[in-house]
Amino acid sequence: MTDLSYTEINAKTIDSWVEAGWEWGTPISPEEYAQAVKGKYDVLLTPSKYVPKEWFPELRGKKLLGLACGGGQQMPIFAALGADCTVLDYSGKQLANEKYVAEREGYKINIVNADMTKRLPFENDTFDLIFHPVANCYIENVYHVWDECYRVLKKGGRLLAGVGTGINYLFDDIEKSLEIVNKLPFNPLKNKDQMEKLEKSNDGIQFSHTLEEQIGGQLNAGFILKHLYEDHDRVGLLREYNIPVYIATMAVK
């Protein structure tokens, strides 16, 4: 470990992934943006299954926060659909991709470099919708995030979130073996061996979370859960055995 916080380490790690061509850091093409302007689009909260269109309100003129959502993939689509977009991320490279696409396509977006483990830099009751793809596996305390989402959403606003079940953290390499080698919870800040494994593989600092944290945390914050679906990794043995390791949720304040 260094003198940097774990979230600062993760920001630098994700920057390196983007530079190496990370699939979640590759901006959409001009052709995809043009299709979104026509209302033809798909977006992901989890790796494989597209978010149902009925989960979205009419987006034109709505204030939308992409939380830990940089990369130039989802936010350009929401801008094309007429939303007033803000994106918050702690990866400078992911935010640079947001700026790149916005300048290429000629739309405005509020770009915020911030850490979601801190108080979100927005007033109460600011947004109509928060779009939060799988990302809270990189933070230790997810309850704080749900509380902050509730605070900055308007009454009746929607939270669309992708979360992990934690199952994948039982294994070291799900592309080679499903031998259980780790105990849950997976928390490298409290387990030296787990930290060493993550450092060797350049996987950032990740955490498993329970459904009590992921879904119960939303309910504790005050949200009403309206819909959910399960999803899989794109590749690996868990996918081959049809074991879902992600859940997408739609909740309302």
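How far is the sulfur of C69 from the closest cysteine sulfur, and in which residue does that sulfur lie? The distance is 9.2 Å, and the partner is C85. The legends below take this pair and other sites in turn. The model is predicted.

**View 1**
Seen from C85, the closest cysteine sulfur is that of C69. A disulfide would need the two sulfur atoms within 2.5 Å. C69 is buried, with a relative accessible area of 1%. C85 is also buried, and its relative accessible area is 1%. Across the whole structure, the search finds 0 disulfides.

**View 1. The open sheet of 7 strands.**
The strand order is β3-β2-β1-β4-β5-β7-β6, and the pairing is mixed. β3 (110-113) and β6 stand at the edges. Each has a single partner strand, so one side of each lacks a neighbour in the sheet. Neighbouring strands are turned by 15 degrees against each other on average, direction ignored. Two helices that pack on this sheet are α4 and α5. α4 touches β2 (84-89) and β3. The direction of α4 makes about 175 degrees with that of β3. Helix α5 (residues 142-152) touches β1 (63-67), β4 (127-132) and β5. The direction of α5 makes about 150 degrees with that of β5.

β7 spans residues 246-252. How many of its residues are buried? The count is 7 of the 7, so the strand is largely enclosed by the rest of the structure. Both faces are covered. On one side lie Y246, A248, M250 and V252; on the other, I247, T249 and A251. Strand β5 (residues 153-164) pairs with β7 in the antiparallel sense, over 7 bridges. In that pairing R158 has V252 of β7 as its bridge partner. Strand β6 (residues 224-231) also pairs with β7 in the antiparallel sense, again over 7 bridges. Here L225 is bridged to A251 of β7.

**View 2. Strand β1 beside β2.**
β1 is mostly covered, with 4 of its 5 residues buried. β1 and β2 run parallel. They are joined by 5 bridges. L65 finds its bridge partner in T86 of β2.

**View 3. The contact of α1 with α4.**
Helix α1 covers residues 6-19 and helix α4 residues 92-105. Their axes are 7 Å apart. The packing angle is about 50 degrees. The two helices are therefore oblique to each other. From α1, the contact is made by I14, D15, V18 and E19. From α4, G92, K93, Q94 and N97 take part. By class, the residues of this contact divide into 2 nonpolar, 3 polar and 3 charged.

**View 4. A221 in helix α8.**
A221 lies in α8, which covers residues 216-221. Is A221 buried or exposed? At 13% relative accessibility, A221 counts as buried; the cut-off is under 20%. Leaving aside residues up to four places away in sequence, A221 touches W146, D147 and Y150. A221 and V145 are 76 residues apart in sequence. In space, their C-alpha atoms are 9.4 Å apart.

L184 and P185 are joined by a cis peptide bond. Its omega is about 0 degrees. P185 is in the loop between β5 and α6 (192-201).

**View 5. A68, with a positive phi.**
The phi of A68 is near 55 degrees. This is a positive value in a residue other than glycine. A68 is found in the loop between β1 and α3 (75-80). A68 is partly exposed, with a relative accessible area of 22%.

**View 6. N202, with a positive phi.**
N202 has a phi near 55 degrees, a positive value in a residue other than glycine. Where is N202 placed? N202 sits in the loop between α6 and α7 (211-214). At 39% relative accessibility, N202 counts as partly exposed.

Methods
Residues are numbered from 1 along each chain as its sequence is written. This is a predicted model: local features need pLDDT of at least 70, side-chain atom pairs count only at pLDDT 80 or more; totals for chains, interfaces and linings use all residues. Side-chain values use heavy atoms; hydrogens and water are left out. Axes are lines fitted to C-alpha atoms, for helices over the stretch in contact, and angles run from 0 to 180 degrees between N-to-C directions. Angles under 35 degrees count as roughly parallel, over 145 as roughly antiparallel, 65 to 115 as roughly perpendicular and the rest as oblique. Contact means heavy atoms within 4.5 Å. Ala, Val, Leu, Ile, Met, Phe, Trp, Tyr, Cys and Pro count as nonpolar, Asp, Glu, Lys and Arg as charged, and the others, Gly among them, as polar. Buried means under 20% relative accessible area, exposed over 50%, partly exposed in between (1.4 Å probe, protein chains only). Two strands pair if DSSP finds at least two bridges between them.
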